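Please keep the sequence and the 3D view open while reading.

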Amino acid sequence: MPLSLSAEANGADTSPLGLQLGLPFVPAAHLLSRGFVSQRPAPLHAYKSLTSAGPRSGMFSGSIAEEGDMALQCTKSAGHWKIVVWDEEGFQGRRHEFTAECPSVLELGFETVRSLKVLSGAWVGFEHAGFQGQQYVLERGEYPCWDAWSGNTAYPAERLTSFRPVACANHRDSRLTIFEQENFLGRKGELSDDYPSLQAMGWDGNEVGSFHVQSGAWVCSQFPGYRGFQYVLECDHHSGDYKHFREWGTHAQTFQVQSVRRIQQ
């Protein structure tokens, strides 16, 4: 799917440019388990080259203030969310099942969570209680030990202490607008697909100043290849508006974002 970029300079009109990335998305956890992803950011020449495409119709344009009539498309799954956690690796030890958010496993007598299985829905796990610290996207599957959820981030956390569902994840209908500067200023681009390298598809620099999530849920990563710190962005949080990196999570300390993908429900 194409990413449309637009900019305004000196009052002159500019035409959006569609750029298409010819690289299929492969979940980071699968890449890591097969040894395809290293702990260091990959050089940009490792990604496929881009081909130009014509302008798209219905592209996001104008400032956020001018888009006040745009309804947020956040469709919650008709199903439910279920995650099972254990306090030892390999699905051993004490066990507990969640179907709703858990601010602290400490209140259940757990010291930490060291393995888990996501049975339905998408979840985000946090390093500390109260949904604080590093964030880890947990999609359907098994996580027998801590490196299964954090091995690709380059900043591993050996424990998870709080969890919540990602209610608005919608892989088929996800739209995200990225801005060069904070407060929705500067150059911007519209995304509706997964991008393992924003720079490879034409984004200048290695930073994104702000985000507007029009639909679905996204995870942004500090480095190409979905590595480094993860930041979960949802259309039903902050009204979909993330004006500054301080709103991305308590662990965010920089505007650096170099890869983005949709969260799967």
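A salt bridge here is a side-chain nitrogen of Lys or Arg within 4 Å of a carboxyl oxygen of Asp or Glu. The model is predicted, so local features need pLDDT of at least 70 and side-chain atom pairs count only at pLDDT 80 or more, while totals for chains, interfaces and linings use all residues. Residues are numbered from 1 along each chain as its sequence is written, and side-chain values use heavy atoms, with hydrogens and water left out.

By this rule there are 9 salt bridges. K82, R95 and E97 are linked in a network of them.

K117 and E142 form a salt bridge with an N to O distance of 3.7 Å. K117 lies in strand β6 (residues 115-120) and E142 in strand β9 (residues 141-143), 25 residues apart; strands (E, at least two residues) are DSSP runs, numbered from the N terminus. K117 is partly exposed at 24% relative accessible area, whereas E142 is exposed at 52%. The classes are buried under 20%, exposed over 50% and partly exposed in between, with a 1.4 Å probe and protein chains only.

E190 pairs with R175, their closest N and O atoms being 3.1 Å apart. This bridge connects strand β12 (residues 185-191), which holds E190, to strand β11 (residues 175-181), which holds R175, across 15 residues. E190 is buried, with a relative accessibility of 3%.

In the salt bridge between R262 and D194, the closest N and O atoms are 3.1 Å apart. R262 belongs to strand β17 (residues 259-262), and D194 to the loop between β12 and β13 (210-215), 68 residues apart. Both R262 and D194 are buried.

How values were computed
Helices (H or I, at least four residues) and strands (E, at least two) are DSSP runs, numbered from the N terminus.
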